[in-house]
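Work through the exercises below with the sequence and coordinates open. Each task is followed by its solution in steps.

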Amino acid sequence: MKRRLIFTLLYEDGHFVLSRNFRTQKVGNLGWLQKNYDFSKVASYLDELVIINVSSDPSTLDQFKETVQAVAEGCFAPITAGGGICSESDAHSLFRHGADKVLINRALYEDHRLVEALAGRYGRQAIVGSLDFKKQVDGYTLVSHRATRPQPWGPVEQILNSGMVGEIYATSVLQDGTGQGMDSEIVAELRSRIRSRVPVILAGGAGKPEHLLEPLQNPAVSGVATANLLNFIGDGLKRTRQSLRAAGIDLARWDVAESDLKPSRS
Amino acid sequence: MIRKKATIVDYGMGNIHSVSAAIRHLGGDVKVSSNAIEIGEAETIILPGVGSFPSAMRSIQSLSIGDALQEASQRSSTRILGICLGMQLLGTSSTEDGGSEGLGFLDFNVTEFGSSALGALPVPHIGFNSVEFKDGSALFGDIEPESDFYFVHSYRIAPTQGTALEAHSLYGEKFVSAVETERVFGTQFHPEKSQTNGLKLLANFLEVSR
């Protein structure tokens, strides 16, 4: 399989945000992102886009799905959206607004019936399980609620081994937003815990292309995600794709030139 | 820019939004329809689809869309593109979920990936994969050989000996990743999710349908 280079947008109460160790800082809305970072160009260099709603206020879901739809309008790659999905109708509205897959976190611990219902209706390939890992002296703890609440492994092992989850998006809380490098150990921990062979996407800590290369050299890592607006936007992802491919990573190819976006014959 | 109206068939099981956005991006006009009369009169038809084959066929039949597509396909000017499940529905039958007959425009059967061929590969097959197509393909005109497209599927069409022009991809075994005849086209991958490679293919489809 080809590996994947994924970009993640974090959304909170009407704005995109940057996160560091799960503490967020407001950066701007979609217009701002487009104006300052030429986001539609960035979107043409990624294998997939993830958009996560980290708002604490559940009433922001409507605004979030409008944002997903606006982003989806100019993005011709698969889109995963989620965060705060508490019901089938929450998920359904994201699918109707352009999401190809939904990102599920708390339901992995608390609501397996929701995961089963979503997998039954949309297929397991549309369900991405999001897990946040906090490094401790003696290993890793799973955490939820913005990394404030420890969670047991039992329910997660059960739901992942049930085959209801199509892939896993694993984030290191410690590395998140630091730009200091990624933590591939998380993937080893995860693989040792679960039997399911689902693809694992690693997130958190990439500050430069080399940080993405190291985990991609590990066959257990299906893809890497970065939410680093400062280092991987503009021409950042284009250059990153080139350098990863030069280093022997099998990434999909396509041309990106405005002329290619239009038909060649009139 | 292509000024062309594409009718996207909405039977409740496709990612209508992405296909529409891609066609509009190419300069085409989009009509999303679940109306059998409109579909029967359409010249450029896209049949998307995600989900289970038998339930898709039930939705299509209950809306009389099957007959409408049949009617449209009789006209020499009509071009139909099935995407993912939409391509599978164009065939004779599928073994998915207890089995079902398809629309029967193309001569193939849809079956599961062979488990022995897959080995350790996970199913569904998700992600970009390269496509090997034949010279003279209208869908792949001006597209580089071995280009990558985005797939999400668990069932597939095994290569046939039929007369339709087939493109193939490899996932443990060879399978049909696209098919074309004069009027009926299909892609197992999602061109609307395959960046510029997919946009070129959709532009090619709009070009052949004039």
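Helices (H or I, at least four residues) and strands (E, at least two) are DSSP runs, numbered from the N terminus. The model is predicted, with local features needing pLDDT of at least 70, side-chain atom pairs pLDDT 80 or more, and totals for chains, interfaces and linings using all residues. Residues count from 1 along each chain as written, chains are lettered from A and ligands numbered from 1 in written order, and side-chain values use heavy atoms, without hydrogens and water.

**Exercise 1.** Locate B:Leu139 and decide whether it is buried or exposed.

Step 1. B:Leu139 lies in the chain B loop between β8 (125–130) and β9 (148–153).

Step 2. Buried means under 20% relative accessible area, exposed over 50%, partly exposed in between (1.4 Å probe, protein chains only). B:Leu139 has 1% relative accessibility, so it counts as buried.

Step 3. Contact means heavy atoms within 4.5 Å. Leaving out residues up to four places away in sequence, B:Leu139 touches residues including B:Val179, B:Phe185, B:Leu201 and B:Phe205.

**Exercise 2.** Which residues of helix α4 in chain A are buried, and what do they pack against?

Step 1. In α4 (residues 88–96), the buried residues are A:Asp90, A:Ala91, A:Ser93, A:Leu94 and A:Phe95.

Step 2. Their packing partners in chain A are α3 (61–73), β5 (79–82), β6 (101–104) and α6 (112–122).

Step 3. Just after α4 of chain A, A:Gly98 has a positive phi of about 110°.
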